[in-house]
Amino acid sequence: MKYNIFGNGKVAFGVILLSFFVLLAVFGPWFTGSVLGLDARANDITAIAAPPSAEHPLGTTQFGQDVLAQVIEGARGSMFVGFLGATIGTAIAVLIGVPAGYFGGTTGNFLNFLTNLFLVMPVLPLIFVLAGYLQGTGLVMIAFIIGVFGWAGGARTLRAQAMSVSNRDFVQAMRMLGESDRRLIFTEVMPHLYGWIASMFLGGLIGAVMAEAGLAFLGVSDSSAISWGTMIQAAQQQSAVLRGLWWWFVPPGLCIALVGTAAALINFGVDELANPKLRSASRRVAKRTAAVQRAALVPEGV
Amino acid sequence: MNEPVLEAVDVAKHFAVANSVGDSSVVRAVEGASIRLEPGRITAVVGESGSGKTTLARLLARFYEPTSGQIRLDGVTVAGDGIRRSTVPKSYRKAVQLIFQDPFGSLNPLHRVRHNLERAVRLHHGRLGRTEVDRRMASLLERVSLTPASDYLDKFPHELSGGQRQRVVIARALAVEPRVLLGDEPISMLDVSIRLEMLNLLDKLRREDGLALLYITHDIASARYLCDDIVVMYAGQMVEAGPKDAVISDPQHPYTKLLVESSPDPHRTTATDRDDIFGAADELGEPPSLIDPPPGCRFHPRCPFAMEKCRTTPPPRAQLADGRWADCWLHDEGRADELTHATMTERITRKLTEEPR
Amino acid sequence: MTFTQTMRGDGTAVTTASDIVLDVDGLSVEYASAGAPVRACTDVTFQLRRGEILGVVGESGSGKSTLITALTRLQRPPAVTTSGRIVFHPQSGRPGIDLVQLKPRALRSLRWTSLSIVLQSAMDALNPVMRVGEQFVDVLRVHDRSMSRTAAWAEARRLLGLVGISADRARSYPHELSGGMRQRATIALALACRPELVVMDEPTTAVDVVMQRQILAQVLRLRREFDFAVVFVTHDLSLLLELADRIAVMYAGRIVELASAQDLYRTPMHPYTRGLRDSFPPLHAPLERLEGIPGTPPDLRALPSGCPFAPRCPAVMERCHEHLPLLTPRGDRSVACHLHDEELVR
């Protein structure tokens, strides 16, 4: 199934934007360190809570730390949690949702029950309890927590989709050839779910980045790590809003919003790929039809 | 009479259905069905939708398990496991294959023809080398007249026509070297001009490989063309069976007679005009619900011959000449010859006009 | 009998008796696609007489479904009618109306009252949240503002009775009726405003043979009473041979033969018609081996030059690959085949 990723403006923009942040996360800190000569953790006492200037392009925090350096360092932290959390969440959703849909019966019902359980669980209080119990929450642990508590919605969708694909004739036909359940799920059913899974991953990415920011804001984070969430939390603690230190919290907030937007735009593209009734394509079709219609109604001379 | 390869003995299938309020009812899709499939013979099961014929095919293919009754392969009862989804020994899957009605749905749109055939070959033939697998795939495609094989192996289903797809499905079924082929309306979704080719192909497979075929259809004319014997199903039950020409030209059950008379036959040798063909066919009724079928004979609400006992007691199986049988009280009463006196339409119309409204 | 003059596309004047209800001339429909447009219907020409049943038969790619949507102006993008006229001649003797050029408003007033349609999925075309009788009342009152609700309900019950649905079912919802009953109700609905022309697209494909016979018997009876013409589109030629007065055979978007049902069955002129007729095994006549038609129906995106049936034709000649045969009249029939070209027929 061919699809021109760059044929669609929305998707192209989303991909570029997300790639930018990925590159930022991967190369950013090295770039700020060696090229710009800025250190996210260094305290410049001469510039406490200073607005943007030539020396500090995005100003400094209450502790004299360069905001630009922190944002770039934070990209790494947030994107890491975002990707890892989304990966864990999607993986669990697939492992639970697809068999639930394929098998039905007792197995399916049990897995469905598990899914519903995690859906109605009060996530936030449980996270606090878990965080306290684990004594020290590095970024990996945060990602893990986000993934473990966030898979249920995706599992529900995958169950419905897997059920619908499993009931189609070709799956039944292969079953009656003698194909094993394992091969049926992986070779016949799963390929139809890739679109959904990709979409779920991208949704999970936004969700995880925002969840990390939220958790950090509430104090559940790695104290030594820098991420956009921790930046916003620190800013809030220092009453940055009241004091008008906009350069401290706007950049990280903006970055979170942009990552979310990028993932959403790509998601539209994946939707259109998975759903044959391409929405923007039908606008094209309607335009083409109108053109032919106009040409046809032109009288052939009198 | 040969020993049957596959046999169903008094098989029934009930489905539990929950309606929106939460009450559950039972759909009695098939009851009391017995059928023998012999090597080299084609048996047709003819009936309308809701008659239970598709359920019967799926039972024989062990898609799910019968609620009661037995299914025997080579005389041995094979017990399967699972109500919704049957598990049977792999040897059963090797022996019995099912062709679905919809050629567009039977092949995974994401896989090429090669994948489908290769899986079928490898599943039942153990470890085979690349060349051997390729050779077998080519020969399978040749058997269903898809030549040259190389043209078709790497195609996706949407690149093939309906007839080609159905041939690929048949080739896939043949890959396991079955002895029984069950066709659930295999031609009804194909273009008219290519249906006969497909029927001729099935006939060829029967002759060359001695396959036992079950051909399920709602179209009696195609059943007559292809098959040796016909079984007629109505409302989940079998009502008549026998050699095809006898059943069609001289039906011994009122429903069979109604079915034959209602089927289009432009080759009618008796000159009839449109008004005669369609006239007065207004009130021929509809099949009953299978959740709450009528007591006694299930056809009695529509039957112009219905007697008191038809309403209360299911009719016995009347064994007739030439291995025919019919489930109808008319035979017990010795009134079977009344079936030939008038058409069903005439009888039903007469009965309706005579009855006080 | 009054006569009307109509101008054909090629400039010749044709005098037609006003017993023609529909005059289709050179109708072509295209599907706008990314590449070259696909012509689903090309140059379709036929006349429908009042009260006649015209069968249109074809397989996939024949263009018969496209023809239906074009006749009733129910096309959706990417389908576009690129040329031709569909002239509707109302009984009242008013001048003919070209449906192709008609504005949507005027078209709406024609729908149901002059021209109605029954589709294949008609049993699902009933509004599921409205009572069946209510849907009749709806249609009746939209087209006749003066009708009171009571009168409309009475008429609804009467119409349902005409198709064998008892009056007490008029207050049922569609899901409470069986499939066959819904189909019959939809047919009655199509006849509610006494149209002069009813277009039916595979109306009995989804029902069983016995129900099909019942439905068609009712349609015929209603036709005798209300005197409307029918265009009946299906793939089932065997049914049309019993039901229709005349039959148009379509292949690759064109009409390749047009003749009475009797003539078509006894002496088919086009090899495709003959092949199609022989694709239906007999029910009672002696059985013999039949072959159908080899090959596959054409791909409209890549039609061969010359006659589109040439690749499959048992009687193909040299010129069939070069020149497209046009539909030419031969007595009271028409056929598009080089076998019947004037020079060859001595």
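**Entry 1: the domains of chain B**

I began with chain B, whose domain assignment gives domain 1 (6–234) and domain 2 (251–354); such bounds come from an automatic or database domain assignment. This is a predicted model, in which local features need pLDDT of at least 70, side-chain atom pairs count only at pLDDT 80 or more, and totals for chains, interfaces and linings use all residues. Residues are numbered from 1 along each chain as its sequence is written, while chains are lettered from A and ligands numbered from 1 in the order in which they are written.

I looked up the spacing next: the C-alpha centres of domain 1 and domain 2 of chain B lie 31 Å apart. Their contact takes eleven residues from domain 1 of chain B and twelve residues from domain 2 of chain B. I count two residues as in contact if their C-beta atoms, placed from the backbone, lie within 7 Å. On the domain 1 side, strand E2 (24–37), helix H8 (220–226) and strand E9 (229–234) of chain B each supply at least two residues, and E2(B) gives the most, with five. My helices (H or I, at least four residues) and strands (E, at least two) are DSSP runs, numbered from the N terminus.

**Entry 2: the sheet in chain B**

I then followed an open sheet of eight strands in chain B, with mixed pairing, in the order E6-E7-E8-E3-E9-E10-E12-E11. Two strands pair if DSSP finds at least two bridges between them. The edge strands are E6 (96–99) and E11 (317–319) of chain B, each pairing on one side only.

Here is what I noted strand by strand:
- E7 (residues 180–184) and E8 (residues 212–217) of chain B are parallel, with five bridges; B:Gly183 has B:Tyr215 in E8(B) as its bridge partner.
- E9(B) and E10(B) run antiparallel, joined by six bridges, and B:Val231 stands opposite B:Ala241 in E10(B).
- These two strands, E9(B) and E10(B), form a hairpin with two residues between them, and B:Ala235 in the turn has a positive phi of about 50°.
- E10(B) also runs antiparallel to strand E12 (residues 325–327) of chain B, with two bridges; B:Glu240 has B:Ala326 in E12(B) as its bridge partner.

Is strand E10 (residues 237–243) of chain B mostly covered or mostly open? I found six of its seven residues buried, where buried means that 20 or more other C-beta atoms, placed from the backbone, lie within 10 Å of the residue's own.

**Entry 3: the nonpolar core**

I looked for the largest nonpolar core and found one of 284 residues; B:Leu60 and C:Phe232 are among those with the most contacts inside it. Such a core is a set of buried Ala, Val, Leu, Ile, Met, Phe, Trp, Tyr and Cys residues joined through C-beta atoms within 7 Å. Helix H2 (residues 67–103) of chain A gives the most to this core, with 17 residues. Domain 1 and domain 2 of chain B both give residues to the core, so it lies between them. I also checked B:Leu60: leaving out residues up to four places away in sequence, its contacts include B:Ile71, B:Val96 and B:Leu182.

**Entry 4: chain A**

Chain A has 13 helices and zero strands, and 43% of its 302 residues are buried. Its contact with chain B takes 15 residues from chain A and 20 residues from chain B. Helix H7 (residues 169–177) of chain A gives the most to the chain A side, with seven residues.

Methods. A residue is buried if 20 or more other C-beta atoms lie within 10 Å of its own, exposed if 12 or fewer, and partly exposed in between; C-beta atoms are placed from the backbone.
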